[in-house]
Structures are given as C-alpha cells and as structure tokens.
Amino acid sequence: MMCGAPTAAQPATAETQAIADQVKPQLEERENKKYATFKAVEFRSQVVAGMNYFIKVQVDDDEFVHLRVFRSLPHENKPVALSSYQTNKARHDELAYF
C-alpha cells in the first residue's frame, strides 16, 4: 500500500461494515433521515495521518451513499468520524476520492 494513494476498490469486509455502522448515526443526523438498510458493499482505503475509508453503502434497493470515514491513529484514542458523504448514488457509480 502506497502512503497517500487510495487502494483499488474491493468488496466490503466485516471490518468495513463495522466502520460504516459506527458512522451511521452521524449520517442520519446530517441527513435528518433514518436508514433501515445500511449494507457496506465496497470500500477503498487511504493511508494518511491515520486512515481514510471510502465506503459504498446500500441504503435502499437501488440507492447507495458514498462515505468518507476517518480513523485516527490508535494512540489518539478517538472514535471514527464521518468526514464527508455523497447521496443519490447508484450501484454502478465509481467509488472515487472525494
């Protein structure tokens, strides 16, 4: 993994789903909306001063959101944070840096 460059997109893992679940309340608060479905399907990661995760999450049959989540370095002991997000995405939309 190259420092600074995001990895190629890959299928979501249990860890990816756990990260998405941690920021779900932050997204729901920002969007003023509850998501019954919240399934991570794909992700990319980027080494920074911590780790950025770009996660494609299915929130309805044909609706997806893209999340950018920051996880700080372990010694900082901070929770993961929703840095940014994009709504109204489709399954075929590329999970790109944003």
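1. A search of the whole structure, which is a predicted model, finds 3 aromatic pairs.

2. Phe-54 and Tyr-97 make up a tilted pair, with 5.3 Å from centre to centre and 55° between the planes. Because Phe-54 belongs to strand β3 (residues 50-60) while Tyr-97 belongs to the segment after β5 (81-89), this pair ties together parts that are 43 residues apart in sequence.

3. Phe-54 also pairs with Phe-98, and here the ring centres are 5.8 Å apart with the planes at 70°, so the pair is edge-to-face; the cut-off for that label is an angle over 60 degrees. Since Phe-54 lies in strand β3 and Phe-98 in the segment after β5, the parts tied together by this pair are 44 residues apart in sequence.

4. Are Phe-54 and Phe-98 buried or exposed? Phe-54 has a relative accessible area of 1% and is therefore buried, and Phe-98, at 15% relative accessibility, counts as buried too, because the cut-off for this word is under 20%.

5. Taken together, Phe-54, Tyr-97 and Phe-98 form one aromatic cluster. Tyr-97 has a further neighbour to look for in the structure, namely Arg-68, which lies over the face of the Tyr-97 ring at 5.9 Å from the ring centre.

Key:
Residues are numbered from 1 along each chain as its sequence is written. This is a predicted model: local features need pLDDT of at least 70, side-chain atom pairs count only at pLDDT 80 or more; totals for chains, interfaces and linings use all residues. Side-chain values use heavy atoms; hydrogens and water are left out. Rings of Phe, Tyr and Trp (its six-membered ring) pair if their centres lie within 6.5 Å; planes under 30 degrees apart count as stacked, over 60 as edge-to-face and the rest as tilted. Helices (H or I, at least four residues) and strands (E, at least two) are DSSP runs, numbered from the N terminus. Buried means under 20% relative accessible area, exposed over 50%, partly exposed in between (1.4 Å probe, protein chains only). A charge sits over a ring if NZ of Lys or CZ of Arg is within 6 Å of the ring centre and within 35 degrees of the ring normal.
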